[in-house]
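Please open the structure in your viewer and keep a selection tool at hand.

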Amino acid sequence: AVADDVLAYVSREMASEAGGLYSATDADSPTPSGHEEEGWFFTWTPDEIRKITPDNAEAAIAWWGVEPGGNFEGRSILTTWQEREQVRTRLGIDEATLDGHLKAARLDMYATRHKRPPPLRDDKVLMAWNGLMLSAFARGALVLNDEQWASQARKTADFLLTQMRTPEGRLHRSWRDGRAAHPAILDDYAFTIQGLLDLHEATAERRWLASAIALQALQDKHYAAENGGYHQAANDAETLLTRDIPSRDGAEPSGNSVSALNLLRLNELTGEVTYRERVERLFSAFSVNLSQAGPASPLMMSALDFYLDNPREVVIVGDDRAAMLDVVRKTYLPNRVLLSLDEATARAQEDLIPLLSYKAAIGGQTTAYVCERGLCEAPTTDPAVLASQLKRIKPLIE
């Protein structure tokens, strides 16, 4: 529910008509008296809530912890601070009644907040941040089984690939008011490739995988470091004293960490050994970091785990794939690639994804194939059998 709300907020408040996602909003906004105050747009008092939604106010005040003194400069930032059972007991109402009050209060409060002068918005579109958010929408579409998030992901991907590329196909770093600017850096490529791979996984649409492959080729050409891994700046960018090769995952992941996972996923999908050779050189370049400072690079450690594992190649072929996909959604399986498509789409992508060869819907029924390194278990049309196959774990060390 929290993930769904976050995606809804970004789609509603931070997306341009064309699909690009804006960067940020200011912390300050005008109060009724006209002066700027941090957080005012998003904060509440009990009296405000009682005035705008009197029938639902007590439930909203209790659930979101709105108190007379507030928790931020005399007003309250809404927080879900107690378990639902505690709130229901305190108010003496059942679950359905609480849900009804909160749903109605949320609508009333949002309508009121919408009338407040909003904080300023930074409306530039950054390639790297959009790549990360593209992943979030694509993964949200798959995990939450929600087509609206797939639709937003398509719009964002279309925007990035049409509005933020040079005639030669290379990426720009930023866009604002119809104009793309500045050469891209490693993060722009790595995060966008990741987003496109996630979008292909969610939709099985060929263009996203083809675009990811094309961008990876450009990244390899212009950012590859001689001893493995990738420079942050391109080889034809402004001359610098040193060309940084980032490795640490901070508030944002390192472009090299994301690239490692991208290369591994591309290798699994396409069977192209060059991707695996590149990721092996990347791990070699960062071997000291991984052995001595692993906690500083958690995503690269995850990529290394993927590399050392036998990742599952899960292929679901057929027209009605809902039951099979539901099994995948409910199974923790981080080291895997997923292909879910109808038979015509499978045949049309065999040239890009050799793994799809000979994968068909047996007897017209949706069929799942669970493979490792191209070796597959018996195909199944039974979701329960698929669940059993996915749950089999082989220890990394016997």
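Predicted model: local features only at pLDDT ≥ 70, side-chain atom pairs only at ≥ 80, totals over all residues.

**The whole chain**

Residues are numbered from 1 along each chain as its sequence is written, and side-chain values use heavy atoms, with hydrogens and water left out.

Taken along the principal axes, the C-alpha atoms of the protein chain fill a box of roughly 65 × 60 × 40 Å. Of the 398 residues in the chain, 48% are buried, where buried means under 20% relative accessible area, exposed over 50% and partly exposed in between, with a 1.4 Å probe and protein chains only. Among contacts (heavy atoms within 4.5 Å) with a separation of 6 or more, 62% are between residues 24 or more positions apart.

**The enclosed spaces**

How many cavities of 30 Å³ or more does a search of the whole structure find? The search finds two, a cavity being a set of points, on a 1 Å grid over the protein atoms alone, where a 1.4 Å probe fits but cannot get out, and lining residues having an atom within 4 Å of a point. A volume is the space filled by probe spheres set on the points, which are joined across faces, edges and corners.

Select L197, H200, E201, R265, L269, V337 and L338, which line the largest cavity; its volume is about 50 Å³. α8 (186-203), α10 (255-270) and β11 (336-341) each supply at least two residues of this lining, and the largest share, three residues, comes from α8. By class, the lining has four nonpolar, one polar and two charged residues, with Ala, Val, Leu, Ile, Met, Phe, Trp, Tyr, Cys and Pro counted as nonpolar, Asp, Glu, Lys and Arg as charged, and the others, Gly among them, as polar.

Next, select A224, A225, G228, G229, Y230, R278 and R281, which line the second largest cavity, where about 40 Å³ of space lies. The residues of this lining divide into three nonpolar, two polar and two charged.

Return to α8 and colour it by itself: 17 of its 18 residues are buried, so the helix is mostly covered. The end C-alpha atoms of α8 are 26 Å apart, which agrees with the 26 Å that its 18 residues should span at 1.5 Å a residue, the expected span being 1.5 Å times one less than the number of residues. Just after α8, look at A204, which takes a positive phi of about 60°.

Then select S254, found in the loop between α9 (206-223) and α10. S254 counts as buried because its relative accessibility is 3%. Leaving aside residues up to four places away in sequence, S254 touches D187, F191, P246, S247, R248 and D249.

**Last stop: A24**

Finally, go to A24, which has its place in strand β1 (residues 24-25). With a relative accessible area of 29%, A24 is partly exposed. Which residues does A24 touch, not counting those up to four places away in sequence? They are M14, R121 and D122; the C-alpha atoms of A24 and M14, ten residues apart along the chain, are separated by 7.9 Å.

Definitions and conventions. 1 Å grid on protein atoms, 1.4 Å probe; cavity = no way out; pocket = protein on both sides within 12 Å on 5 of 7 lines; lining within 4 Å. Helix = DSSP H or I, 4+ residues; strand = E, 2+ residues; numbered from the N terminus.
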